[in-house]
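Hello,

Here is the structure you are taking over. My notes follow below it.

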Amino acid sequence: MPPTITAFENSPDRGRGQARDMRVRWALEEVGQPYDVRLVSFEQMKEPAHLARHPFGQIPTYEDGDLALFESGAIVLHIAEHHAGLLPVEPNARARAIAWMFAALNTMEPPIVELGMAMLFERDKSWYEARLPMLRDRVRVRLGELSRRLGGAEWLDGAFSAGDLMMVTVLRRLNTSGLLEEYPDIAAYVARGEARPAFRRAFDAQLAVFTAASRS
């Protein structure tokens with residue numbers, strides 16, 4: 001039996017590939033692992049059956065035999081550790097790739113998500129216009145640091161890895177912010193990730209769910 005992941009029945013990102021199941025779909029596509037998808041509504045995400053899989057009532061989750069996982073980073077790491085193609089074989093390179101996964105989630109993603117949430121939910125607040133430049137500058141700091149480290153390389157540390165997969169999915173959250181355009185090397189890096197056939201398959205699969213939900 002293939003593993004089963006959960007995804008939004010009707011994603012709030014309107015099919016743009018921002019929901020975190022995208023990371024898991026992409027990882028599975030990269031390693032050539034077929035998978036099933038259980039679609040859940042926002043109501044179902046708070047019901048006992050889903051909370052047993054994800055104690056915080058979110059997506060994605062991953063089930064394979066008697067193993068149940070939550071958190072996209074943990075799921076992608078598990079996939080990468082059990083299938084060839086997402087982590088280097090050489091121990092030090094492997095450790096560095098995992099470090100980049102953590103950097104994507106712990107260093108890059110928090111200020112990017114904070115900016116995105118403000119742009120979505122705080123536009124009508126009195127403090128929005130004053131707070132927005134600060135939030136954008138916090139993201140610029142991280143983008144500048146990442147740009148210096150990338151240094152025009154194709155990927156973060158040699159060949160494409162799970163570290164790049166996680167970093168690209170995090171950076172894609174800035175696609176409508178205008179910030180990526182300020183760092184052409186990072187914009188090109190994200191574009192390389194999006195051009196990978198496995199990414200396109202994962203993106204199309206997620207988009208198909210949104211398209212079907214929109215028609216119903």
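**The sheet**

In this predicted model, four strands form an open sheet with mixed pairing, in the order β2-β1-β3-β4. Strands are DSSP runs of E with at least two residues, and helices are runs of H or I with at least four, numbered from the N terminus; two strands pair if DSSP finds at least two bridges between them. The edges are β2 (36-40) and β4 (67-70), each with a single partner strand, so one side of each has no neighbour in the sheet. On average, neighbouring strands are turned by 25 degrees against each other, direction ignored.

Strand β1 (residues 4-8) runs parallel to β2, and five bridges join them. In this pair, T4 stands opposite D36 of β2. Helix α1 (residues 21-31) packs on the sheet and touches β1 and β2 (contact: heavy atoms within 4.5 Å). The direction of α1 makes about 145 degrees with that of β1 (axes are lines fitted to C-alpha atoms, for helices over the stretch in contact, and angles run from 0 to 180 degrees between N-to-C directions).

**Q206**

Q206 lies in helix α8 (residues 197-215). Q206 is buried, with a relative accessible area of 5% (buried: under 20%, 1.4 Å probe, protein chains only). Beyond its neighbours within four places in sequence, Q206 is in contact with D13, G17, Q18, A19, D21, M22 and R25.

**Basis**

Residues are numbered from 1 along each chain as its sequence is written, and side-chain values use heavy atoms, without hydrogens and water. Local features need pLDDT of at least 70 and side-chain atom pairs count only at pLDDT 80 or more, while totals for chains, interfaces and linings use all residues.

Key. Buried means under 20% relative accessible area, exposed over 50%, partly exposed in between (1.4 Å probe, protein chains only).
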